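Subject: Structure for your files, with notes

Hello,

My notes on it follow below.

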Amino acid sequence: MDPQDRSRSARKGAAASAELLAQRLAERVIDIVVQAVDINAVLQQVDLNALLARVDVNAPLKQMDVNAPLKQIDLNALLKQIDLNELLEHVDMDVLLDRIDINDVVARIDMDRLVEQTDLGAIIARSTGGLATQGLDTMRSAAVGLDRRIDHWVIRLLRRKDQVPLAPPALRSLEAQP
Amino acid sequence: MSVRNHPSQWVSAQGQYAGSASRFAAYLIDLVASTIIYSLALSLISFLVEIVTGSPVSWHRNDIVVLITYVAWQFVYFGFQWAGDGSTWGEALLGVQVVRADGRRVHPWQGWVRSLTFPLGFLTLGLGFLGILVHREHRAVYDLIAGTAVVYAWDARAARYRYLARQAEPVAEVAAASPLPNPAPGEAPPATEG
């Protein structure tokens with residue numbers, strides 16, 4: 001081997017040893033420092049809100065496939081661990097109910113289907129379905145039907161094409177109800 | 001000719017101007033009711049006069065006193081009820097009501113004026129009633145004079161629910177009386193004959 005090559009190789013070896021020594025030294029120093037530092041005390045001094053205000057949470061969330069980690073989670077097992085009763089004890093139901101528009105909820109109920117498809121219909125029929133009531137309903141509905149038919153004929157006979165008022169002004173809101 | 005209509009139409013008719021058939025039927029009922037009451041009243045008076053005087057009293061339809069008192073009775077019968085809540089017995093049965101032209105509750109004086117001018121319909125040989133058919137608001141001549149109109153006022157919504165309930169009742173009864181258990185999921189329902 002050429003003496004020059006030998007000395008170059010020796011220098012390389014020394015440099016590698018020095019680098020390894022420095023790395024070990026650094027690791028040791030960091031280890032000592034980390035053990036010496038009270039992380040909780042440091043974290044108490046950190047203003048997490050200010051830190052989080054700087055972080056754009058939406059950006060990584062947009063890139064993240066949320067479904068993938070969710071698929072790996074056993075939600076049933078997770079839910080089994082939750083004490084729903086205790087959770088519900090923390091919920092102020094009055095505040096929750098105040099937020100709900102009961103009238104809106106009731107307005108969404110299809111009363112026709114409710115009466116037709118539940119025992120409620122039978123209860124109404126038994127409580128109000130007397131023969132006299134039934135006869136009265138039939139007579140009135142037949143009269144309304146006959147009125148409508150006669151009106152239809154008269155409108156055709158008079159060739160009336162303009163819209164006629166269906167109800168007096170004060171009763172038009174009643175008429176508009178379904 | 002069928003005059004059946006769907007229950008939803010009943011509700012939509014609520015508050016609308018009442019038509020000729022309803023009004024005519026109501027008038028016929030009132031005519032029968034008022035005549036029966038008048039006849040009973042005459043019979044009662046005859047009975048009382050016979051007890052007091054001892055001689056029987058007989059009334060004839062052609063008697064001018066009977067005719068005048070009958071017309072006066074008709075005026076009171078209709079006027080009193082229209083001035084009250086705006087509907088006679090017949091109108092209450094048919095579910096129609098006399099209201100002001102704008103739809104509000106009728107004034108008592110309007111009820112009496114309507115009753116007083118009601119005979120105009122007959123005196124004009126029926127032309128006074130023609131407004132019920134051809135007027136845009138179904139108002140007869142006495143309605144125009146008294147400033148009234150007739151509207152449907154029965155609780156059609158409740159009637160509709162009663163109708164739907166009657167439709168549902170047989171289904172509910174059959175379901176309750178059925179001894180057969182409900183088929184399990186995936187199991188075929190029991191076969192029926194026919």
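Helix 12 (residues 131-158) of chain A packs against helix 2 (residues 20-53) of chain B at an angle of about 130°, and their axes are 7 Å apart. Axes here are lines fitted to C-alpha atoms, for helices over the stretch in contact, and angles run from 0 to 180 degrees between N-to-C directions. Helices are DSSP runs of H or I with at least four residues, strands are runs of E with at least two, and both are numbered from the N terminus. The two helices, helix 12 of chain A and helix 2 of chain B, are therefore oblique to each other; angles under 35 degrees count as roughly parallel, over 145 as roughly antiparallel, 65 to 115 as roughly perpendicular, and the rest as oblique.

This is a predicted model: local features need pLDDT of at least 70, side-chain atom pairs count only at pLDDT 80 or more, and totals for chains, interfaces and linings use all residues. Residues are numbered from 1 along each chain as its sequence is written, chains are lettered from A and ligands numbered from 1 in the order in which they are written, and side-chain values use heavy atoms, with hydrogens and water left out.

Contact means heavy atoms within 4.5 Å. Ala, Val, Leu, Ile, Met, Phe, Trp, Tyr, Cys and Pro count as nonpolar, Asp, Glu, Lys and Arg as charged, and the others, Gly among them, as polar.

Two residues of this contact have further entries. Ile150(A) is in helix 12 of chain A and counts as buried, at 18% relative accessibility. Buried means under 20% relative accessible area, exposed over 50%, and partly exposed in between (1.4 Å probe, protein chains only). Apart from neighbours within four places in sequence, Ile150(A) is in contact with Ser20(B), Ala21(B) and Leu133(B). Ser22(B), in helix 2 of chain B, is buried with a relative accessible area of 1%. Not counting residues up to four places away in sequence, Ser22(B) touches Ala143(A), Val144(A) and Asp147(A) in chain A, and Leu94(B), Val96(B) and Tyr152(B) in chain B.

Within chain B, helix 2 also meets helix 3: their axes come within 10 Å and cross at roughly 125°. Helix 2 of chain B and helix 3 of chain B are therefore oblique to each other. Helix 2 of chain B contributes Tyr27(B), Asp30(B), Leu31(B), Ala33(B), Ser34(B), Thr35(B), Ile37(B), Tyr38(B) and Leu42(B), while helix 3 of chain B contributes Val66(B), Thr69(B), Tyr70(B), Trp73(B), Gln74(B), Tyr77(B) and Phe78(B). The classes in this contact of helix 2 with helix 3 of chain B are 11 nonpolar, 4 polar and 1 charged.

Ser34(B), found in helix 2 of chain B, counts as buried at 0% relative accessibility. Leaving aside neighbours within four places in sequence, Ser34(B) is in contact with Trp73(B), Gln74(B) and Tyr77(B). Ser34(B) and Tyr77(B) are 43 residues apart in sequence, and 6.9 Å apart in space from C-alpha to C-alpha.

Helix 3 (residues 64-84) of chain B also packs against helix 5 (residues 108-117) of chain B, at an angle of about 150° and with axes 7 Å apart. That makes helix 3 of chain B roughly antiparallel to helix 5 of chain B. The residues of this contact of helix 3 with helix 5 of chain B divide into 9 nonpolar, 4 polar and 1 charged.

Two backbone entries in chain B may be worth a look. Leu125(B) is not a glycine but has a positive phi of about 60°; Leu125(B) sits in the loop between helix 6 (120-123) and helix 7 (130-134) of chain B and counts as exposed, at 80% relative accessibility. His138(B), also a residue other than glycine, has a positive phi near 55°. His138(B) lies in the loop between helix 7 and helix 8 (141-146) of chain B and is buried, with a relative accessible area of 9%.

As for chain A overall, its secondary structure comes to 13 helices and 0 strands. Of its 178 residues, 11% count as buried.

Regards
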